[in-house]
Amino acid sequence: MKLEKSLSLPTFLSVFLHGTLLVLFLGNWDFFKSKEEPYKPHYVTATLVDVKPKAKAAPQQTKEQVLDSKAYEDLKNNKKQDEQRRKEAEALVQSQKEQQAKAEEAEKQKQQKIKEEAAKVAKAKAAKAEAEKKKKAEEEANRKAEAAKKTKREQEAQEERRRIQAAQQKEEKHIADSNDEANVKSYNELLSERVAQNWSRPPSARAGMVAVFNIDMLPNGQVVGVELAKSSGNFAFDNAAEQAIRKVERFVEIKDVPIDVFERNFRHFQFAFNPEDLRQ
Amino acid sequence: MPEAKQSLSILHLIIEASFLVQMVMLILFLASVISWVMIFQRAIYQQKAAAAFDFFEKQFWSGIDLNQLYRQGNGRNEMVEGIENIFRAGFKEFTRLRQQAGADSDAVMEGSMRAMRVALAREEEKLEENLPFLASVASVSPYVGLFGTVWGIMVSFLNIANAGQPSLATVAPGIAEALIATAMGLFAAIPAVLAYNKFSARAENLLSNYRTFAEEFSAILHRQVHSK
């Protein structure tokens, strides 16, 4: 009984102490966390800076798209003109053929007449025939020249069309490339940032040292192969850079790269490492 | 990334810990609670005993009649504590032996001293009660915590080995979780060590005071026996 009496107060005190300690500890942790949260937006803005190149790239794209549509309209107009030209040319050919046929018929009739009246006047006949022959030859020459002109024109039109198409394709490719280039550049910057974070600078590293690596990467950003492609001339620098790349191990940002861009630029790519915080 | 940061609260770590580590934590927490119960109880008891010793010694040396002093304690038999028990045991035996006819003065002295020695042993037991528990908590709980930590780290390393993708982000939570066990062990052990040292020193101090008092009291009794 005496023991119980003497134990109740200490038990209460002890449990109270532990309870308050627990509440303070876990509660404090929460306060600490909520205090820390206001800093987070800064981080968010920091990552936004990296995204900016993309944002810049977007308006470019729209501009070029506008250009693109203009070019397309031009092309359409060109096509229409081409078709018109072709039609005209065809009409010309047909009319010429008809003329030719008429001329031939007329010729035949004339020849028949000449045969019938062969005996009449041989000299005049010969002269006439020669004149006709001359006419014919002239006509034929005209025809040929016109045909040649026509074909030439058609060829020119086709060439022009081809040229326009090529230009368009070139333009499209250029747009895509410049877009990708901007992205690739920003991602390359990201990569070198990440590598620089994990990099421990060897004392012999000097400014201007560049080590080029062949990197194999998976679409999730996992680095599967690092190989020195071009040494910086300093063994320690090369080693440190390679270790830094291996340390990064996974470039989380690469996940966001569209797969075609990834395949083109990051599946196997060359990565030049030249950190900026080097001594002279 | 922010999700990982949010999940790293201590409560979360404790909840996510493996069963064995949780058991270790529970044991250490209970050990801490119980040792603090002991600490408070010892503190209260020894405080009371020291106060009672001071009070009784003052009364004893104030020139009061020993019979009257003895009778004062009769009324509050339950509340008698510490030094007074020794006095009562010795004085009771002394008066009883003296009332018996033909009792030898040496035998009377011997009997009263033995009674006081027994009472002293009881008081010693009371003063040092629970101190062994504090000593074992102080010495064992760091090891228990260390065991939990070693186990937790072992498990987390095994998980890493199975995942095959070791990075600081995968290693850190497991180790942090495991280290909580060590922290709790130390949390239980440090107050226990301090309390054990303090209370054993205080008990020793009080006991030496009791012994001195018993010697002084037996000297008084001896004078009474041999004065006739």
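Predicted model: local features only at pLDDT ≥ 70, side-chain atom pairs only at ≥ 80, totals over all residues.
Visitor: Which strands pair with strand 1 of chain A?

Guide: Strands (E, at least two residues) and helices (H or I, at least four) are DSSP runs, numbered from the N terminus. Two strands pair if DSSP finds at least two bridges between them. Strand 1 pairs in the antiparallel sense with strand 3 (residues 268–273) of chain A over 6 bridges, and Ala211(A) stands opposite Phe273(A). With strand 2 (residues 223–230) of chain A, strand 1 also pairs in the antiparallel sense over 6 bridges; here Met217(A) stands opposite Val223(A). In the hairpin of strands 1 and 2, Gly221(A) takes a positive phi near 95°.

Visitor: Why is strand 1 of chain A described as largely enclosed by the rest of the structure?

Guide: Buried means under 20% relative accessible area, exposed over 50%, and partly exposed in between (1.4 Å probe, protein chains only). Strand 1 (residues 211–217) has 5 buried residues of its 7, so it is largely enclosed.

Visitor: Where does Asp82(A) find its salt bridge partner?

Guide: A salt bridge is a side-chain nitrogen of Lys or Arg within 4 Å of a carboxyl oxygen of Asp or Glu. Asp82(A) forms one with Arg161(A), the closest N and O atoms being 3.2 Å apart. This pair links distant parts of the chain, with Asp82(A) in helix 2 (residues 40–116) and Arg161(A) in helix 3 (residues 122–197), 79 residues apart. Asp82(A) is buried, at 7% relative accessible area, whereas Arg161(A) is partly exposed at 24%.

Visitor: What surrounds Asp238(A)?

Guide: Contact means heavy atoms within 4.5 Å. Not counting residues up to four places away in sequence, Asp238(A) touches several residues, among them Ala211(A) and Phe213(A). Asp238(A) lies in helix 4 (residues 235–248) of chain A. Lys and Arg count as positive, Asp and Glu as negative, and His and the chain ends are not counted. Asp238(A) is buried yet has no salt bridge, the nearest side chain of opposite charge, Lys230(A), being 10 Å away.

Visitor: How many helices and strands does chain B have?

Guide: Chain B has 8 helices and 0 strands. Buried residues make up 39% of its 228 residues.

Conventions
Residues numbered from 1 in each chain as written. Chains lettered and ligands numbered in written order. Heavy atoms only, no water.
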